[in-house]
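Here is a short tour to keep beside you while you turn the model on screen.

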Amino acid sequence: MLRRLAFASLTRRRARSLLAVMGVAVSGALLLDMVMLAGGMRDSFRKLLLVRGFQLRIAPKGTLPFDTQATIGQASEIIATLRTNPDIVAISPILGLKLRVPNRNVTTVAIGLDGDVQADYELLSGRPVGGTDRIVANQAFADATHSRLGDTLVVALGYDTPRRRLVIAGIGRFFYTAAGEAVVAVPLATLQATGGSATADRVSLFMARARDGVDPDVVRQWIEQRIPRISAISTGTALKQFDQRMGYFRQLAVILGSISLGVGFLLVTTLVTVSVNERVGEIAVMRAIGVSRQHVVEQIVLEGVALALAGTVLGMGLGLITARAFNAILSDFPGLPAAFQFFVFRPRDAYAAMSMLAAAGALAGIYPAWRAASLPVADTLHGEAIA
Amino acid sequence: MWSRTATIAAIASTFAVAPASRAQPTVAIDERLAATAHLGIGDRVVLASEPGVRGDTFVVAAITRRGADPSEVVSNGYRVRLHLGDLQRLLGAGDKVSRFAIVSTDRARTVAAINEVALGFRAYPSAEIAVRTSKTFRVLRRFHAAIGVITIVASAIFLLCILALKIDERRRDIAALRLMGISRTSVITMVVCEAALISLVGTALGALVGWVGSIVINWHYQGVYQTPLVFSLITPGILAFATALSIVLGLGAGLVAARRLARRPPLALLGR
């Protein structure tokens, strides 16, 4: 009965209800997008950091990984020190340089790494990095150099440095590379030798994995105490830095999300209030024939919730479509890995957005419901009769 | 003296504060570094190419302020400017430089001439570098534009809904006017004018809120990123667009609702 009355009341002015549902749908879509942006971006970054289970990054003192061109000297000494800690089960040294492929007129990012403990790429075809000349390239590099698996390429660090022959042994997908950026993984010793004395025994960073059950922050503190010339960064610290740099997006998400919620709330409040004002006579008659105040309140709150829910369901679909469009725009953001996503759908985000809008709908109905329930029955009927 | 170890981006250039001298080499530091490390003009700092390496002592000769450079906004790094020779010596970089800046009377010809004979380097016009380094902001601009479209759709629906309700609420007034003999056209014109006026007043209030919001946004982000860059700007074009949009929507909603009401017999509007 209650639902039927609420439904009849909403369908009495279909155009108006439809407009309100559309308004709530757009607000709901923006709200869902902003909830996805606020939490998903951080989640995506966290997943990227832990893609191969390395919880610690070790960078030159005072820097973040690959934030500057600074490198760490005497890398083998650091590896030896790290190996003395039984809580560190894997160490992956990485050197990042720019390499030229003179014959193809291409400059590429080269990552020097140890093929056995690398956490930078997943192999799609061929063999992993190994020996002195076996490299793994991404598809963007293969396309740029018009090369294929098994091809031998001549590379050099600069224009006045010795050249070296490398064989493309595998094609891989790199986790930390921007979309369309050419990149190759090269045996660390080979890349260090290519750079001559400037890169001998130097690395850009180390990745370290702590034993299961060991707090990575305890290992981080141990590393910083034992090797003062480096900065050890745990996933938590990296996420804090990330929050600081990408704080703009989180603030934008909070502001726009709040505005969307506010717009949805105002829209439902206005519509339900006007609807109640138009029906004061009808409500007074209902009260006069014995319908309880609670029943009137429930019916009007239900109208608000129904409007909000109908808009929210539409808004969820719309929000997912717009999130994809937003992600496509932001995928061009310079310096961010291709695998990084700003808008990540998580069921709990959808529930959060739906709950917020449904609660806003219920709240929006409370004021007009209270007004309707507290109408003086006789005076209202008298006023309506005169009108 | 600042004892904390930090990695600082060093730029070698000629700066006109004090001449380089072998006895007392000078540096210019940015104001963020000066504030963080409590450094002032005349203080001595030790700069080294990396932690644990014996560095050289420099005298702070100048404190610089960041320009409104979009490419530096999200960078938290400190900047120190050294005389070219001092930085080359500090890094052991010999006679190497990262880039040259050239002033030319014929830019296109100079760029072409350099690139024709260059071996191992390439010349770019400043405008091209500006385009490359401002990609972050181009992406953000597209993102903001996309969000703007959704916001405009949401506000348009909101405005239509409110105006439709507002006009619908006046059905009894309209019925009375029609019963008094006022023509349909006059009633429609009156309602449409009223809707346009409400839109205009709403836009003026909205512009005021937007202007205050813009001041708050600039104050907040200029403080967060320590830059004189303007983040939010209300231009006459934006104002004109917002005004035009809200008036058009107001007129549209007013016209549709007024015609619908004016078509109905006055007694039906009164519920008789």
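How far apart do the C-alpha centres of domain 2 of chain B and domain 3 of chain B lie? They are 49 Å apart. Please keep in mind that this is a predicted model.

**Domains**

- Chain B is assigned domain 1 (9-91), domain 2 (102-133) and domain 3 (135-269).
- Chain A is assigned domain 1, made of residues 2-48 + 245-386, and domain 2, covering 62-228.
- Between the C-alpha centres of domain 1 and domain 2 of chain A there are 50 Å.
- Contact between these two domains of chain A involves seven residues of domain 1 and five residues of domain 2.
- On the domain 1 side, those residues divide into five nonpolar, two polar and no charged.

**Where the chains meet**

- Chain A brings 35 residues to the contact, and chain B brings 28 residues.
- On the chain A side, the elements giving two or more residues are α2 (14-49), α8 (247-278) and α10 (293-330).
- Of these, α2(A) gives the most, with nine residues.
- By type, the chain A side divides into 20 nonpolar, nine polar and six charged residues.

**Nonpolar cores**

- In soluble globular proteins, nonpolar side chains tend to be buried together.
- Here, the largest nonpolar core has 77 residues.
- Among the residues with the most contacts inside that core are A:Val24, A:Leu31, A:Leu271 and B:Cys161.
- α2(A) supplies the largest share of this core, 19 residues.

**Strand β1 of chain A**

- Why is strand β1 (residues 56-60) of chain A described as largely enclosed by the rest of the structure? Five of its five residues are buried, so the strand is largely enclosed; buried here means that 20 or more other C-beta atoms lie within 10 Å of a residue's own.
- β1(A) pairs with β10(A), residues 230-234, in the antiparallel sense over five bridges.
- Within that pairing, A:Pro60 has A:Ile230 as its bridge partner.
- β1(A) also pairs with β9(A), residues 205-210, again in the antiparallel sense, over three bridges.

Terms used:
Residues are numbered from 1 along each chain as its sequence is written. Chains are lettered from A and ligands numbered from 1 in the order in which they are written. This is a predicted model: local features need pLDDT of at least 70, side-chain atom pairs count only at pLDDT 80 or more; totals for chains, interfaces and linings use all residues. Helices (H or I, at least four residues) and strands (E, at least two) are DSSP runs, numbered from the N terminus. Ala, Val, Leu, Ile, Met, Phe, Trp, Tyr, Cys and Pro count as nonpolar, Asp, Glu, Lys and Arg as charged, and the others, Gly among them, as polar. A nonpolar core is a set of buried Ala, Val, Leu, Ile, Met, Phe, Trp, Tyr and Cys residues joined through C-beta atoms within 7 Å. A residue is buried if 20 or more other C-beta atoms lie within 10 Å of its own, exposed if 12 or fewer, and partly exposed in between; C-beta atoms are placed from the backbone. Two strands pair if DSSP finds at least two bridges between them. Domain bounds come from an automatic or database domain assignment.
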